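User: Could you take me on a close look at one part of this model, the sheet and the helix that packs on it? I would enjoy a connected walk-through, with a glance at the surroundings at the end.

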Amino acid sequence: MNTNLPAYRPIQALPDNLISQIAAGEVVERPSAVVKEVLENALDAGATNITIRLEEGGVKRIAICDNGRGIPPEQLPLAVARHATSKISSLTELENVATLGFRGEALASIASVSLLTLTTRTADAPHAWQIEAGKISPASGAIGTTVDVQDLYYNTPARRKFLKSEQTEFGHCAEVVRRIALARPDVSFSLTHNGKAVDHWNVSAIDKRSAQILGDAFSSARLPLDESAGPLRVHGFVGLPTASRGRADAQFFYVNGRFVRDKLLTHAVRAAYQDVLHGDRYPSYVLALDLDPALVDVNVHPSKIEVRFRDSRAVHQFVFHAVSRALAQTSATAFGTVPAPATAASATAVLSGKTPWIAGEQTTFASQFATPSPYAGNNGSGFGGNQNYNHFGSKNEHGVAQSLQSYGAFFKSDNTNNSFDAPSAPSAPASTLPEDDHPLGFALAQLHGVYVLAQNSKGLVLVDMHAAHERILYEQLKNALDENAMPVQPMLIPVTFYADAVEVGTVEEHQETLKTLGFDMSAISPTTLAVRAVPALLKNADAQSLARDVLREVREFGGSRVLIDRRNELLGTLACHTAVRANRSLTVPEMNALLRQMEHTERADQCNHGRPTWVQLGMNDLDKMFLRGQ
């Protein structure tokens, strides 16, 4: 029996001071919460220049000065009163909140647990006014408002004991400033700590502000995004997988200018990255969702960091598809139109010798190699007709094509194994081709059977041929499965192999799933399976190992789930089986065919595991490496 029950007390009204301190526990969780609330008030007041000064992580002092419209002196007592605000006045306005602050608790809660001094001046006032401990007096000051918070939690020592170290608390404050500065590039921010300047951001465009805050790694590997649908608009930047991080600390999402951590939005973005980012890596992004305030409830959390949408499913799908379309671009084609996805019909056309991307029928690799080389410029000017960067740095009337012929044995392809069936590049001098026709340029050579070296108008392109081909096959398999039109390649002679009872049972139980994936498998004995057909896109893969991998996935996750939840992982495994292998020699036409397919494949910048498939070295980069012009 519990004998420590408190003594009976009658119900009574709490004193106002205690009520304010209880409310402060919700609003003023730590110094960073003070910074957030005061900065939001400054932005609502129309400030374009804000200075934040912190001492001892914000515990000793937080002073925030803005050049907003200020507060008339007669309204100063209400500014620090509970539930007093200029932002809303009715339930209708509460349901259509268009400002960052509206609860009317921030300054009152802060004043209840600190020494608060509020100095403000409006444009038509001859001087500033100040309120401190409830007393109003004239003061000096520029137009705007200065909120000076000293000795946070001085009167609630128990709460102060739960604060972390000075550096930790400052880190939280700095993070709040970064979030708000990202959302408002039209406002300049200055941050100092213990008298030392930490950050300063002038008014700039969002691309420059995001580069300043998130760093070069993000700014050099991001894609712009701006899409609208009805009352919804999402805009900002999404980072490529090369800008991913080990923690989710570079993810910024704003709803009507308010930073939020919303599970629905986070899931939508994460789902859009599933094709290009696997494992425990986290994408980087800066995204803003604008919509009618009546369609979102921002009053579901005391710190307003969570929101609730009226039609959450529509918002999720809109954000998911917008981010997916942005990631479907490639760096090679981002400056032009987004490539159309490779469909099942186009995959079948490739296999039948007709390419959907380049006019005319696919010719044999031998006839392609006999046509004039795309590298030989007019008048024998060397690499692509550029006389400044020709073969061995001088005019060579034979051109690179002759050099490649002399190394024919090196480029000779073993067509008996893993032949690369793909459309070829058109035979035309590089100098006559429009720059945006072939952004990945034309192949020059193969390095150690792993990398393809190509030349485009910007300089040198390096391609990881296995990773690039894997992405191409993956996208073709995915689109074929989406259209329920997986092309099938019957086996002239069925491939048989030993199978255990579980594998035989899996084949018998999941026949429909296997047929959907393009496989025709059956048991011909209690211990033997026969593969009679495989997906046509994977016809060059080892049928036995391919079948075993598919059966393992289907057995582990079930037929329906493997086609929904595990589809991308399964297709990635299948694509890896037949992608052109490292140490496999490709002919020049085959290398060009790979480049052309990359240019017409969505998400071709990354392999299925999020690693880059190609990199660009510009002429300036190469000149710096060799100290040219220095």
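**A hairpin at the sheet edge, and what packs there**

Analyst: Happy to. Let's start at a turn: E7 and E8 form a hairpin with two residues between them, and asparagine 194, which sits in the turn, has a positive phi of about 55 degrees. Please keep in mind that this is a predicted model.

Eight strands make up an open sheet with mixed pairing, and their order is E5-E4-E3-E6-E2-E1-E7-E8. E8 is one of the edge strands and strand E5 (135–139) is the other, each pairing on one side only. From one strand to the next, the twist averages 15 degrees.

Elsewhere in this sheet, strand E3 (residues 115–121) and strand E4 (residues 128–132) also run antiparallel, with four bridges joining them. There, leucine 118 stands opposite isoleucine 131 in E4. H7 packs on the sheet and touches strand E1 (49–55), E7 and E8, and the direction of H7 makes about 175 degrees with that of E7.

Helix H7 (residues 166–183) packs with helix H8 (residues 206–214) at an angle of about 160 degrees, and their axes are 9 Å apart. An angle over 145 degrees counts as roughly antiparallel, so that is how H7 and H8 lie to each other. The crossing in which H7 passes H8 is left-handed. On the H7 side, the contact is made by Arg178, Ala181 and Leu182, while H8 brings Ile206, Arg209, Ser210, Ile213 and Leu214. Sorted by class, the contact of H7 with H8 has five nonpolar, one polar and two charged residues.

Helix H10 (residues 263–272) and helix H11 (residues 312–328) pack at an angle of about 30 degrees, with 8 Å between their axes. Here H10 passes H11 in a right-handed crossing. Among the contact residues are Leu264, Leu265 and His267 of H10, and Val315, His316 and Phe320 of H11. The residues of this contact of H10 with H11 divide into eleven nonpolar, four polar and no charged.

Seven bridges join E19 to strand E21 (residues 528–535), and the two run antiparallel. Tyrosine 498 stands opposite threonine 528 in E21.

One last stop concerns charge. Side chains of opposite charge can pair when their charged atoms come close. In helix H16 (residues 465–482), glutamate 475 and lysine 478 lie three residues apart, about one turn of the helix. The side chains of glutamate 475 and lysine 478 meet in a salt bridge, at 3.3 Å from N to O. Across the whole structure, a search finds 21 salt bridges.

Terms used
Residues numbered from 1 in each chain as written. Predicted model: local features only at pLDDT ≥ 70, side-chain atom pairs only at ≥ 80, totals over all residues. Heavy atoms only, no water. Pairing = 2+ DSSP bridges. Axes fitted to C-alpha atoms, helices over the stretch in contact; angles between N-to-C directions. Parallel < 35°, antiparallel > 145°, perpendicular 65-115°, else oblique. Left-handed = near helix turned anticlockwise from the far one by under 90°. Contact = heavy atoms within 4.5 Å. Nonpolar A, V, L, I, M, F, W, Y, C, P; charged D, E, K, R; others polar. Salt bridge = Lys/Arg side-chain N within 4 Å of Asp/Glu carboxyl O.
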